[in-house]
Amino acid sequence: MDNRTNTIAGWVLGAGIVALGTTIVTGEMFHAERPEKMGYPIEGVTGAEEKGGAAAEQPAAFYLASADPKLGEQVFKKCTACHTAAKGGANGTGPDLWGVVGGPIGHHAAGFAYSPALGGKGGNWDWDSLFHWLKSPRDFAPGTKMTFAGLSKPEDRANVIAYLNTMSDAPKPLPAAPAAAANPAAAAAEQADQGAQGDKAKDQPVLTEAQATPGKNVKDQAAPSVDGRAAQTKK
Ligand code: HEC
């Protein structure tokens, strides 16, 4: 009798373990995680590609120095749904853009109802502000009425700005390329920085070992890892 009770208890316990195991395993298998980012970014609509592009981008003058107004006129076709750039041109969905380069931001076209976002910016349009605005109007003036995602290619922006510059009573000279030395200098500075870090790493083992001496175990463990780091930075 006692034996049988034990057997039954054993089966019950066993079944319980199997059930629990199954729950854990299926739970792992069918575990659904909420994606970090919902949905799919659509190019030109979400502006999601801006981040990647920004990293390698040069300042406006770099592109403007070799900008071509003729190519800019082609790019401007993307703008003509809302803009004219002719002298005395009519305001449409967007303001007429004659003489906009150097004009007051959000005020240059008479009779156009600008959004407070752009109208309240202040200052005049210069190369840098136009470059920023055309990259992402929303980023330059959050709440703007210009529902245009922006031109992700810096060359397109430079060309269209060069074109708009010609649509003016007083076109301005395009900026010269930023001193070519600026970039090598930056690179050299970076290298120097890395060199300094390397020196520090070389000095470090002495310091760390001295600190670690009281605890023998800690010392033994710490030494190889410090050596490893020094070896890495030396490369
Ligand atoms: C969907 C319509 C639309 C398109 C397309 C569009 N814009 Fe605009 N644009 C606007 C509107 C609307 C404003 C006014 C924004 C505000 O008041 O917030 C504006 C303002 C501007 C301004 C500022 C004008 C000022 O007086 O300060 C510039 C410069 C400009 N647009 C250039 C461009 C260029 C260049 C393109 C093409 C690459 C373009 N826009 C495409 C609608 C558009």
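The questions and answers below set values from this predicted model against the definitions behind them.

Q: How do you know which parts of the model to read with care?
A: Because the model is predicted, local features need pLDDT of at least 70 and side-chain atom pairs count only at pLDDT 80 or more, while totals for chains, interfaces and linings use all residues. Residues are numbered from 1 along each chain as its sequence is written. The term pLDDT stands for the predictor's confidence in each residue, from 0 to 100, and the protein has a mean pLDDT of 79, with 66% of its residues at 70 or more. Over residues 46–53 the pLDDT stays under 50, and over residues 195–204 it also stays under 50.

Q: Why is asparagine 159 called buried?
A: A residue is buried if 20 or more other C-beta atoms, placed from the backbone, lie within 10 Å of its own, exposed if 12 or fewer, and partly exposed in between. Asparagine 159 has 25 C-beta neighbours inside 10 Å, and therefore it counts as buried. This residue sits in helix H8, and across the protein 19% of the 235 residues count as buried.

Q: What does asparagine 159 touch, beyond residues up to four places away in sequence?
A: Two residues are in contact if their C-beta atoms, placed from the backbone, lie within 7 Å, and with that rule asparagine 159 touches Ala67, Asp68, Leu71, Gly72 and Val75. A separate value, taken between C-alpha atoms, puts asparagine 159 at 7.8 Å from glutamate 73, although the two are 86 residues apart along the chain.

Q: Why is H8 said to be largely enclosed by the rest of the structure?
A: Eleven of the 13 residues of H8 are buried, so the helix is largely enclosed; among them are Pro154, Asp156 and Tyr163. What covers these buried residues includes H3, helix H4 (69–75) and H6.

Q: Why is H1 said to lie largely in the open?
A: Of the 28 residues of H1, the number buried is zero, so this helix lies largely in the open.

Q: What makes a group of residues a nonpolar core, and which residues have the most contacts inside the largest one?
A: Such a core is a set of buried Ala, Val, Leu, Ile, Met, Phe, Trp, Tyr and Cys residues joined through C-beta atoms within 7 Å. The largest has 26 residues, and those with the most contacts inside it are Leu64, Leu130, Val160, Ile161 and Leu164. H3, H6 and H8 each supply at least two residues of this core, and the largest share, six residues, comes from H8. Leucine 164 touches Ala85, Leu97, Val100 and Val101, not counting residues up to four places away in sequence.

Technical notes. Helix = DSSP H or I, 4+ residues; strand = E, 2+ residues; numbered from the N terminus.
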